Amino acid sequence: MSTPLVAEVTEDAAGAPRPVRTVGVVGAGVMGIGVAQNLAQTGHRTVLLDLDEGILDRARREIERNVRFHGMMTRSKGGPALPEVMERITFTTDYAPFAECDFVVENATEKEAIKRGIYPVLDETCPPHAVFAANTSCISITRIGGWTGRPDRVLGMHFMNPVPLKPVVETIRGHFTSPQTIDIALGFLKQMGKEGIVVNDLPGFVSNRVLMLTINEAAWEVMDGVAPAEDIDRIFVTCFGHKMGPLATGDLIGLDTILYSLEVLYESYADPKFRPCPLLRKMVDAGLHGRKSGKGFFDYSA
Ligand code: NAD
């Protein structure tokens, strides 16, 4: 695409600025797929990594389908055609191509043990100038920065789902994130056609500290038999004018991600108000993960 590359990273204190051209994306699930698609559609060379070829094949098919689906819209605005988008994405299970990355967006499963294994590898493989953005729902950015030798170059980028259609990204400043890193990140988001709203770091940030409680409480209402899922959501949509009710929102995000996020919040604040609803845990155990599995509080199999 023709968007000019505006974000620049600096190699070191004395080094010349260089544009962010190649971006590593870790995790090819719901979010990683959307981030990679958005990056490729806005002219970035993109390296998309996940654990196995099966996951990457599914990601490739999904990106192709999404680009075709949104194709007419983006092409009418001068956006690139499908082959151009796909040519920009390298699908890999190997970190070696990350040696060329100026910026990384990490979208692995919302479990601290998993993310903790990834950052030291990124730190070792990526060039020293590379910036790492954690697309986490709730985990402290300060804590994530501490898993690297470059906490000043680590920040949070809480993208919204579906990524290519959401224009704003909650951008989180960790304790050690430098002002220069925030500037790079805001320029990078502009390159992606987005705006960042910068907030400070506490688990859950602004959005999910509130949203996870709401979805969890709506799950408690289902479990307590206050009303069926349809009526709970209908009240939010019709009475409050929300576009979606909390249970459909949970299904869209993924009920596994909701559960893991609540566990992070519960542990981080040591506050019982974040205690995950047992129904939510039971649904995740049963494989009812929402839209991505075909069924959650609502049925998407049709
Ligand atoms: P997902 O379960 O759809 O995808 C996670 C992916 O990470 C999977 O493909 C998995 O194979 C991969 N993965 C697991 N371990 C890995 C490893 N060691 N190395 C590389 N890849 C690994 O989850 P998601 O919804 O895409 O969420 C990803 C991240 O984005 C989470 O931190 C989540 O909290 C955050 N997030 C999610 C949403 C949402 O709406 N789903 C919104 C904003 C942020």
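**Reading a loop, a ligand site and a core**

Modeller: Phenylalanine 205 is found in the loop between β10 (195-200) and α7 (207-223); helices are DSSP runs of H or I with at least four residues, strands runs of E with at least two, numbered from the N terminus. This is a predicted model, in which local features need pLDDT of at least 70 and side-chain atom pairs pLDDT 80 or more, while totals for chains, interfaces and linings use all residues. Residues are numbered from 1 along each chain as its sequence is written, and side-chain values use heavy atoms, without hydrogens and water.

Biologist: What is phi of phenylalanine 205?

Modeller: Most residues other than glycine have a negative phi, and most peptide bonds are trans. In phenylalanine 205 phi is positive, near 55 degrees. Alanine 270, in the loop between α10 and α11 (278-285), also has a positive phi, near 45 degrees.

Biologist: Is phenylalanine 205 buried or exposed?

Modeller: Buried means under 20% relative accessible area, exposed over 50%, and partly exposed in between (1.4 Å probe, protein chains only). Phenylalanine 205 has a relative accessible area of 5% and is buried, whereas alanine 270, at 68%, counts as exposed.

Biologist: Which peptide bond is cis?

Modeller: The bond from asparagine 161 to proline 162 is cis, with omega near 0 degrees. Proline 162 belongs to the loop between β8 (154-158) and β9 (168-173).

Biologist: How many residues surround the ligand?

Modeller: A residue is near a molecule if one of its heavy atoms lies within 4 Å of it. Here 26 residues surround the ligand, and the closest are Met31, Asp50, Glu110, Ser137 and Ile253. Domain 1 (8-200) and domain 2 (209-293) both give residues to this shell, so the ligand lies between them; the bounds come from an automatic or database domain assignment.

Biologist: Which ligand atom does lysine 292 lie 3.3 Å from?

Modeller: An oxygen atom of the ligand is 3.3 Å from a polar side-chain atom of lysine 292. Backbone atoms also take part: a polar one of threonine 109 is 3.4 Å from a ligand oxygen atom, and an N or O atom of isoleucine 253 lies 2.8 Å from a ligand nitrogen atom.

Biologist: Which residues have the most contacts inside the largest nonpolar core?

Modeller: A nonpolar core is a set of buried Ala, Val, Leu, Ile, Met, Phe, Trp, Tyr and Cys residues joined through side-chain atoms within 4.5 Å. The largest has 48 residues, and Val26, Phe98, Val104, Leu122, Phe132, Ile144 and Phe297 have the most contacts inside it. Helix α10 (residues 255-269) gives the most to this core, 6 residues. Both domain 1 and domain 2 give residues to this core, so it lies between them.

Terms used: Polar contact = N/O pair within 3.5 Å; in protein donor to acceptor, adjacent residues only side chain to side chain.
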